[in-house]
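Here is a walk through one structure, from its ligand site to its aromatic contacts. Keep the 3D view open while reading.

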Amino acid sequence: MSDDESDHFSNEQGWRMDEDDKIPIEEYSHTVIDLEDEVNRVMTEECKVDACLDWFIYCLKEINPDDNLYMYGQINFELFSGSRLEEIKEELRANLNRLVPGYLDGASDILEVEKLTERLNVRWRSTQVSNNTKKQDDVSGAILDTLIEKHCRRHSGDLKASSTAGLPEAQDSFLNSCLQLKTFIEGERTTASYTCGGCIPIVQATGPLDKHPRGSGPVNIFWSIGNSSARRVSLPLRADAEDASPAVLQHLITSCDPASFGRGQEDVMDLSYRKAGKLDPENFATSFHPATFGILETIEKVLLPGIGGETANRLRSRKIYAELYKMNVYSGPSGLFRSHVDTPRSQSQIGSLVVCLPARFKGGSLLVRHQGREVDFDWAPGSETTIQWAAFYSDCEHEIKTVTEGDRITLTYNLYVSDGADSVLHSIMDPKSLPLYGWVKDLLMKPGFLDDGGVLGIFCSHAYPHSSSSTTHDLPRGLKGSDVVLYSIFQSLGLHVQVLPVLENNGRYIPKDPKLGLKGKVDREGEIERRSRYTGEWGDDEYEFADEIQPYLAKDEPLLVNPSNEVLPQASSREDIADIDRRWRLLRMTRRVGSMKKAISFARSKGLPYKEDSCFLEEGAQIGSCLRPYETTEWGQEMPLDEVLPHVWPAYYLPGITWLTEPKHEEMAFSQITYGNQAGLGTRYSCAAIFAVVPPWDRRTTLRENNGSGGK
Ligand SMILES: O=C(O)CCC(=O)C(=O)O
Ligand SMILES: [Fe+2]
């Protein structure tokens with residue numbers, strides 16, 4: 001389908017009228033609106049029948065798993081016998097009577113109902129439960145159920161559930177929110193995040209690290225000034241330990257020198273600007289090291305992609321390392337450090353890391369600012385029981401509010417980039433420290449944004465080898481920069497999040513959305529698009545309006561609805577097929593009717609009435625059921641792609657996703673070798689995307705209650 005066709009439907013030329021069918025429009029007995037209702041009714045009925053049959057077939061295969069049951073396009077019922085067959089026939093009858101009353105017309109033996117046995121033979125092939133799909137790898141039920149619900153509401157015309165969704169103001173405000181979110185995400189991409197932070201609880205029982213990956217024992221500091229012998233303090237303070245007494249801590253504090261700060265080229269002392277004590281690293285040592293807790297790896301994931309370009313980072317696999325710079329003590333009632341920007345110590349310094357040791361204090365928030373945004377690290381509440389940390393880029397302005405009580409003891413580190421090996425994300429970062437967090441939370445907490453629930457789709461902004469054999473292992477663990485930021489924000493807000501591949505079709509990944517400025521394609525500058533087309537692309541043009549629909553409109557003849565088969569992977573469990581009510585809705589959502597688009601375009605060009613918000617105008621995207629390695633296949637060379645897909649690259653056709661960004665980094669998903677008239681290799685590409693399920697507004701209470709904490 002060319003760009004133009006997909007936007008403005010074919011005009012009069014697309015309306016091919018045979019001599020026989022030349023009936024003046026005035027004599028039509030049906031409108032395109034009637035037609036749409038009828039197509040809806042027929043499709044729904046067919047999906048219900050098919051879902052009943054799928055379960056029946058599944059049960060048949062359980063009775064006799066032999067492959068020879070199906071021969072010459074027919075099921076040989078003589079090979080089934082016994083009471084179980086009768087049982088499942090009864091179940092089929094009951095299901096059909098419940099879902100499609102009147103369909104069986106009171107037949108005594110349902111297998112004598114011709115229209116039913118015809119469908120049965122058609123469905124036989126599509127009803128298999130794949131045994132190699134692990135359930136947890138599949139597109140999550142949360143994504144599917146949210147979209148199914150949305151789709152059902154649309155085609156049944158039931159927008160009442162969402163009282164405001166149909167109003168123009170509500171649509172505007174939704175669009176505005178999407179635009180803002182998109183702008184934020186794009187901003188996140190260009191600047192990445194400028195700061196991040198987290199905490200490590202103090203655990204008393206120390207042991208091998210793998211037992212306490214997220215906890216630290218008490219932190220020891222050894223110090224010595226001049227020729228005096230070294231002393232030691234252990235934090236947090238504890239009544240039972242001599243080296244953890246308030247007196248020893250006081251000794252450490254009095255050993256500190258007043259801290260100066262850089263103003264221009266000078267080092268100045270101004271207590272109204274900075275009131276703090278400091279120790280230089282030659283005078284102290286500590287048992288704490290940020291690398292032990294994965295802090296540096298987290299900083300690498302979040303801050304490094306914004307430094308020096310992603311390609312440079314990937315090629316040189318750079319790492320961040322930290323150099324201990326000072327120990328600072330800000331004491332109540334007046335310790336503070338007003339707004340300043342740190343002086344970089346060298347070209348390769350990219351930022352600073354501040355680690356707050358476990359000692360009780362009040363006040364003393366660290367505020368970090370960048371391009372008009374601010375993050376508040378309020379460490380006072382956890383000051384006695386946790387080690388808390390924050391890292392930020394060198395160009396961030398920051399300040400420490402007045403410490404009103406106690407002692408705020410921090411270790412500061414200079415952060416440098418260097419070459420290094422690959423690393424793994426430790427989930428010790430606190431998404432709440434990320435600048436985008438508050439905004440997304442506000443968006444979800446107020447009504448007006450996807451009140452009926454929805455699925456957000458955001459293409460990954462970094463390139464991952466998402467179709468390599470280690471793929472499933474690497475994602476989402478290996479997400480970087482704005483991708484890890486978004487993923488962890490959604491996750492910590494309690495949304496279901498999943499990374500899945502999206503398949504292109506002739507270069508198009510998702511529907512165009514001019515309002516959000518989405519073309520739905522990867523920007524391939526200067527590259528000539530030469531993607532091999534092969535038989536059976538998304539079949540919107542397959543059925544001719546004149547042959548199929550015009551007789552209905554003009555002569556009131558029975559309607560022949562010819563939907564393309566659903567794009568759906570084989571069911572991954574028995575329960576999926578057994579749940580008939582969910583399955584028919586799933587079939588309904590994943591089938592398309594190309595001819596309806598033609599009919600609507602015809603109505604539009606002739607000025608006839610049609611439904612402007614018709615669900616048949618809504619396009620979907622093909623979402624792979626899981627991340628999977630690239631493969632070359634010779635399967636079904638002449639078959640339409642949609643039929644080949646379940647076997648080589650199982651995917652769902654999903655309408656209704658709220659896409660926010662453009663596809664960015666393509667990888668080959670699979671190639672199909674074709675012989676036929678022209679031998680060749682057709683390759684389809686995919687892009688990885690992050691999906692977040694937003695529950696309906698009335699079910700967002702849990703999200704409000706846990707207030708975004710919890711993480712997993
Ligand atoms: O101790 C802190 O929280 C940060 C100190 C600081 O900004 C600095 O040393 O430059
Ligand atoms: Fe600073």
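**The ligand site and the ring cluster**

The side chain of Thr410 places an N or O atom 2.8 Å from an oxygen atom of ligand 1. That is a polar contact, meaning a pair of N or O atoms within 3.5 Å; within protein, one must be able to donate a hydrogen and the other to accept it, and residues adjacent in sequence count only if both atoms are side-chain atoms. This is a predicted model, in which local features need pLDDT of at least 70, side-chain atom pairs count only at pLDDT 80 or more, and totals for chains, interfaces and linings use all residues. Residues are numbered from 1 along each chain as its sequence is written, chains are lettered from A and ligands numbered from 1 in the order in which they are written, and side-chain values use heavy atoms, with hydrogens and water left out.

Two further side chains reach oxygen atoms of ligand 1. Arg408 has an N or O atom at 2.7 Å. Asp342 has a polar atom at 2.9 Å. On its own, ligand 1 has 290 Å² of accessible area, and the protein covers 92% of it (Shrake-Rupley method, 1.4 Å probe; for residues, only the protein chains shown count as cover).

Which elements give two or more residues to the shell around ligand 1? They are β12 (318–331), β13 (335–340) and β19 (397–419). Strands here are DSSP runs of E, at least two residues, and helices are runs of H or I, at least four, numbered from the N terminus. The largest share, five residues, comes from β19. The shell includes Arg274, Tyr330, Phe337 and His398; a residue belongs if one of its heavy atoms lies within 4 Å. Arg408 also lies over the face of Tyr330, 5.5 Å from the ring centre (CZ of Arg or NZ of Lys within 6 Å of the centre and within 35 degrees of the ring normal).

Now turn to the aromatic pairs. The whole structure has 10 (ring centres of Phe, Tyr or Trp, its six-membered ring, within 6.5 Å; planes under 30 degrees apart are stacked, over 60 edge-to-face, the rest tilted). Phe459 and Tyr509 pair edge-to-face, at 6.2 Å and 75 degrees. Phe459 sits in β20 (residues 454–459), and Tyr509 in the loop between β21 (496–503) and α13 (545–548).

Why is the pair of Phe459 and Trp659 stacked? Their ring centres are 5.1 Å apart and their planes at 15 degrees, so the pair counts as stacked. Trp659 lies in strand β25 (residues 657–659), so this pair ties together parts 200 residues apart in sequence. Ring pairs link Phe459, Tyr509, Trp659 and Phe691 into a cluster.
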